[in-house]
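Hello,

Here is the structure I promised to pass on. Please open it first, then read my notes below.

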Amino acid sequence: MTLYIIAIGGTGAKIVEAVAHLAAAGIYSTPDGKLEKIKVLSLDPDKGNGNIAAADKTLKVYQKCSEIIGQDNTLALMQSEIEQFQGGLLSPFTQARVKLGDAFQYDRYAADSPVRNLFDVLYPLEERNDDLREGFHGRPAVGAAFMTQLSRDSQNLQNWQNLIDQIVEDERGAKAPRVFLCGSIFGGTGAAGFPTLGRLLLNDLTAKNVRDRVKVGGVLMLPYFQFRPSGQSQPDKIYAKSEEFVLSSEAALGYYATKNLDFDRVYLLGTPQLTEVSFSTGGREQRNKPHFLELYAALALRDFLLNNDAGRNQVVLTSRETASAVTWSDIPDRDRVRQKLLNAAQFAFVWKYAIVPDLEYAIESKRPNAVPWSLKFFNSAELKSEPEQDRRREVEAWCEDYLRWLATIHCSETGVELFNVHSFVENPPGRHQAGDVNLKTYSKEVRDEFSNLLKNSSGKSMNDVLRKLPQMATKIQPPNRGVVGLAKALYRTIQENS
């Protein structure tokens with residue numbers, strides 16, 4: 001199966017970030033086997049959007065780690081190949097036109113012409129002249145006008161046509177392609193792009209006679225964050241206003257109630273308790289921290305992949321037991337999801353707080369036998385070789401990225417009670433507290449926290465896992481030496497003990 005994700009706007013990028021972490025944990029395994037490939041196409045007028053940059057960084061970390069340890073299909077870890085389609089980013093702008101008036105050649109028409117008069121009615125002066133290089137500033141009507149131009153620009157048309165052709169080729173090659181759109185319903189880019197691209201996609205698939213064999217789904221995010229610009233920071237230009245998010249969502253839902261997009265499944269996600277984020281009008285400063293609702297969006301994708309219902313136009317709703325917390329009982333298919341997320345967390349924890357410091361000690365002490373389990377995977381030369389150390393660092397980079405993401409989604413306005421993130425995070429920020437998540441440095445006390453990673457649970461100690469690594473090396477597929485073998489043996493040990 002091949003999956004195409006069309007991530008629209010900053011919210012779409014944040015969902016892709018969550019998808020990458022869940023893919024690493026093996027969440028998207030299907031009854032027929034692994035999800036072979038995920039292809040991501042992002043659409044945003046703001047090429048410097050901080051949310052897109054963060055998602056790109058997570059994808060790169062995932063890709064490097066997957067190349068090292070993702071080739072053993074008996075393990076769930078890192079099995080899905082993720083790539084960015086056509087360079088990854090599609091912009092709705094044609095050439096250098098970043099103002100609505102310029103894009104539609106407003107000044108070409110006479111002052112009293114019907115076209116110009118209609119344009120004046122639809123778009124006030126401030127919207128016609130707004131610089132949109134950092135997004136549509138919460139104006140979906142402006143964004144929709146640009147999105148309709150997407151198929152008319154030669155470069156965008158070629159990129160879009162390549163996407164359609166690839167989906168058709170996959171369908172004819174029995175790769176069962178599925179397409180999933182994601183974005184917000186309350187902002188500018190997502191609200192404008194989701195219905196516009198959805199209709200364009202379905203029309204093109206119908207024209208290619210493959211619509212009935214390509215499932216199309218999507219997730220729309222209702223308001224789940226807010227911001228309040230101070231008097232000093234409030235710009236003198238158009239910007240998205242979080243106090244308008246609910247009203248915008250209500251209007252958008254009314255639109256979707258009357259317009260049939262003909263998707264196979266649609267997911268709507270929101271929360272009544274909005275998380276406070278830093279104010280930004282766009283650019284690299286628009287970097288909202290991961291939120292637990294994006295975990296739900298990534299799980300909605302899992303439901304879409306595993307669900308084979310023939311019906312269309314399905315709207316899927318979920319809820320939680322209490323408004324003040326998110327627990328495992330609120331997670332769809334909780335037993336399978338919990339186990340895979342836990343396995344990945346345990347792998348990341350052991351790698352960072354045992355594998356890395358133990359191997360560094362063996363190298364510095366010049367006594368490989370000081371770490372007995374390492375002898376099964378490295379001789380003295382291999383232990384110190386630069387390629388092996390590079391691989392070790394690539395795996396460590398993913399482990400840190402995954403642990404930070406887990407910790408950050410626990411710091412939303414709604415209390416998330418899935419993992420004991422204090423086990424590996426230094427002074428976890430509270431629900432209202434700003435600041436980045438800092439992982440704890442190595443210590444014996446941190447190692448002892450391994451058995452307490454899961455909320456309300458106790459498991460085996462880290463030493464139990466390390467002792468089994470040598471014998472597990474004989475059970476994994478080759479290569480079973482070096483960092484590759486060690487990583488696979490570690491995950492196999494955790495997987496068998498789960």
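A word on sources. This is a predicted model, in which local features need pLDDT of at least 70 and side-chain atom pairs count only at pLDDT 80 or more, while totals for chains, interfaces and linings use all residues. Residues are numbered from 1 along each chain as its sequence is written, and side-chain values use heavy atoms, with hydrogens and water left out.

Helices (H or I, at least four residues) and strands (E, at least two) are DSSP runs, numbered from the N terminus. Two packed helices are described by the angle between their axes and the distance between the axes. Axes are lines fitted to C-alpha atoms, for helices over the stretch in contact, and angles run from 0 to 180 degrees between N-to-C directions.

The axes of α11 and α13 (residues 386-409) come within 9 Å and cross at roughly 140°. The two helices are therefore oblique (under 35 degrees is roughly parallel, over 145 roughly antiparallel, 65 to 115 roughly perpendicular, the rest oblique).

Helix α11 (residues 334-365) also packs against α15 (residues 462-472), at about 60° and with axes 11 Å apart. That pair is therefore oblique too. Here Phe349, Val350, Tyr353, Ala354, Ile355 and Asp358 in α11 meet Met462, Leu466 and Leu469 in α15.

**Strand β4**

Seven of the seven residues of β4 (residues 178-184) are buried (under 20% relative accessible area; exposed is over 50%, partly exposed in between; 1.4 Å probe, protein chains only), so the strand is largely enclosed by the rest of the structure. Arg178, Phe180, Cys182 and Ser184 point one way, and Val179, Leu181 and Gly183 the other.

Strands pair if DSSP finds at least two bridges between them. Five bridges join β4 to β1 (residues 2-8), running parallel. Ile6 stands opposite Leu181. Seven bridges join β4 to β5 (residues 215-221), also parallel. There, Phe180 has Gly217 as its bridge partner.

**Helix α16**

Of the 15 residues in α16, 13 are buried. Arg492 is buried, at 18% relative accessible area. Leaving out residues up to four places away in sequence, Arg492 touches Thr74, Leu75, Met472, Lys475 and Ile476.

Best wishes

Terms used:
Contact means heavy atoms within 4.5 Å.
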